[in-house]
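Let's take a friendly walk through a protein model, one region at a time. Have the viewer open and follow along.

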Amino acid sequence: MDAIFNRTSIRKYKQESLKKEEIDLILKAAFSAPSARNSQPWQFIVVQNKDTLKDLSQMTPYASFLKDAAMGIVVCADKSKNDRLDYCQQDLAAATENMLVEAKSLGIGSCWLGVYPNEERYLALNQYFKLPKGIVPMWMISFGYIDQEEVVKDKFDSSKVHYEKY
């Protein structure tokens, strides 16, 4: 559970490529996530090309650090697997959390970057990657070896826990 309790968003990365084995483990963690009706409505675009990472870093106002990451993953919903984007979001969120936790367990930093439902952002990604009909880019994740102090917050708040009734 250390990887869960100590995971935090990382926005500064060393200029080193990730190992193929590490990338494979991060992706394997994503595919291990639960999904509604086991539909697995995810598609992942793995980006390591520095020019592409730079382009992606300019597609949302909060992704500037993506240009310095070793890797980015664009997490997409495949509506042919589940046409309900609200359910796809839940499934993709589980896959994303698995990737974040696996990255932490490997000593790799990561940060989840929102895209959907901001139309300007998801349409830009759709156009950039020339995505086929029914593939919706939901968000991006940056990954890289950590080059900043990790500030872990204890987020547990017992006032938000209710037993048997609210």
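First, some ground rules. This is a predicted model, in which local features need pLDDT of at least 70 and side-chain atom pairs count only at pLDDT 80 or more, while totals for chains, interfaces and linings use all residues. Residues are numbered from 1 along each chain as its sequence is written, and side-chain values use heavy atoms, with hydrogens and water left out.

Begin at Met1, in the segment before helix H1 (2–5); helices (H or I, at least four residues) and strands (E, at least two) are DSSP runs numbered from the N terminus. Met1 has a relative accessible area of 65% and is therefore exposed (buried means under 20%, exposed over 50%, partly exposed in between, with a 1.4 Å probe and protein chains only). Together with Ile4 and Phe5, Met1 forms a nonpolar surface patch of about 360 Å² accessible area. Such patches take residues with over 30% relative accessible area and no salt bridge, joining like charges within 9 Å and nonpolar side chains (Val, Leu, Ile, Met, Phe, Trp, Tyr) within 5 Å; the areas come from the Shrake-Rupley method with a 1.4 Å probe, and for residues only the protein chains shown count as cover.

Next, look at helix H2 (residues 20–31) against helix H4 (residues 85–105): their axes are 7 Å apart, at an angle of about 145°. Here axes are lines fitted to C-alpha atoms over the stretch in contact, and angles run from 0 to 180 degrees between N-to-C directions. Leu25, Ile26, Ala29 and Ala30 of H2 meet Ala95, Asn98, Met99, Glu102 and Ala103 of H4, where contact means heavy atoms within 4.5 Å.

Side chains of opposite charge can pair when their charged atoms come close. The whole structure holds 4 salt bridges (a side-chain nitrogen of Lys or Arg within 4 Å of a carboxyl oxygen of Asp or Glu). One of them links Asp24 and Lys20, with the closest N and O atoms 2.8 Å apart; both residues sit in H2, 4 residues apart, about one turn of the helix. Another joins Arg84 and Asp86 at 2.6 Å, N to O.

Finally, find Lys67 in the loop between helix H3 (50–57) and strand E2 (71–78). Its side chain forms a salt bridge with Asp68 (3.8 Å, N to O). Beyond neighbours within four places in sequence, Lys67 contacts Lys50, Leu53, Lys54 and Ser57.
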